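Please keep the sequence and the model in view while reading.

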Amino acid sequence: MLFRILDPQTKANQFWRDFDRLNDELTRSILDDQFGSSSHFPPVNVYTKEDEALVTCLLPGVDTDQIDISVKDHILSIHGKKKMEELAEGTEVHRREIFHGEFHRRLELPFRVNQDQVSAKYVNGILNIHLPRREEDKPKKVSISLG
């Protein structure tokens, strides 16, 4: 972004605001083309314990019928679409930073998942995915015999 000192009342100031907005949109567009429009959406946290993992995704404003979750072995895929809000006629966008469009996150987990027991809950824009570890992938304690 360009830094400048201008009188806030001048038309030049509006020109630079428009220029900054255009620059931001072009930069975002180039990055989206290079890294994918959803490279950081949704933001996730992954927590693991010995026998399970929990993935938490922030998905405010996304309808559950627009979210697809799939698991294969140790790969979790979250795919969906966030609709753009509808604006009243005559409304101009001054700044738009909230993500909209299709997204896809693919996460590699540290163990294979029991696909039949995966569950997901969506509350207040937060998606929690519970991923139990396959029984055969759980660590086994080896007993030691004497003699």
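A residue is called buried when its relative accessible area is under 20%, exposed when it is over 50%, and partly exposed in between, with a 1.4 Å probe and protein chains only. By this criterion, 24% of the 147 residues of the protein are buried. The model is a predicted one, in which local features need pLDDT of at least 70 and side-chain atom pairs count only at pLDDT 80 or more, while totals for chains, interfaces and linings use all residues. Residues are numbered from 1 along each chain as its sequence is written, and side-chain values use heavy atoms, with hydrogens and water left out.

**Overall architecture**

- The protein contains one helix and seven strands, where helices (H or I, at least four residues) and strands (E, at least two) are DSSP runs numbered from the N terminus.
- Along the sequence, these elements follow the pattern α-β-β-β-β-β-β-β.
- With contact meaning heavy atoms within 4.5 Å, residues 24 or more positions apart supply 53% of the contacts that have a separation of 6 or more.
- The protein exposes about 11,300 Å², of which carbon and sulfur atoms supply 52%; accessible areas come from the Shrake-Rupley method with a 1.4 Å probe, and for residues only the protein chains shown count as cover.

**The open sheet**

- An open sheet is formed by four strands in the order E1-E2-E7-E6, with antiparallel pairing; two strands pair if DSSP finds at least two bridges between them.
- Strand E1 (44–49) and strand E6 (119–123) are the edge strands, each pairing on one side only.
- On average, neighbouring strands of this sheet are turned by 15 degrees against each other, direction ignored; the axes are lines fitted to C-alpha atoms.

**The E1–E2 hairpin**

- E1 and E2 form a hairpin, and two residues lie between them.
- Strand E2 (residues 52–58) runs antiparallel to E1, and six bridges join the two.
- Within this pairing, Val46 stands opposite Val55 in E2.

**Glu25 in the helix**

- Glu25 belongs to helix H1 (residues 11–35).
- Glu25 counts as partly exposed because its relative accessibility is 39%.
- Although Glu25 and Glu97 are 72 residues apart in sequence, their C-alpha atoms are 9.7 Å apart in space.

Methods:
Axes fitted to C-alpha atoms, helices over the stretch in contact; angles between N-to-C directions.
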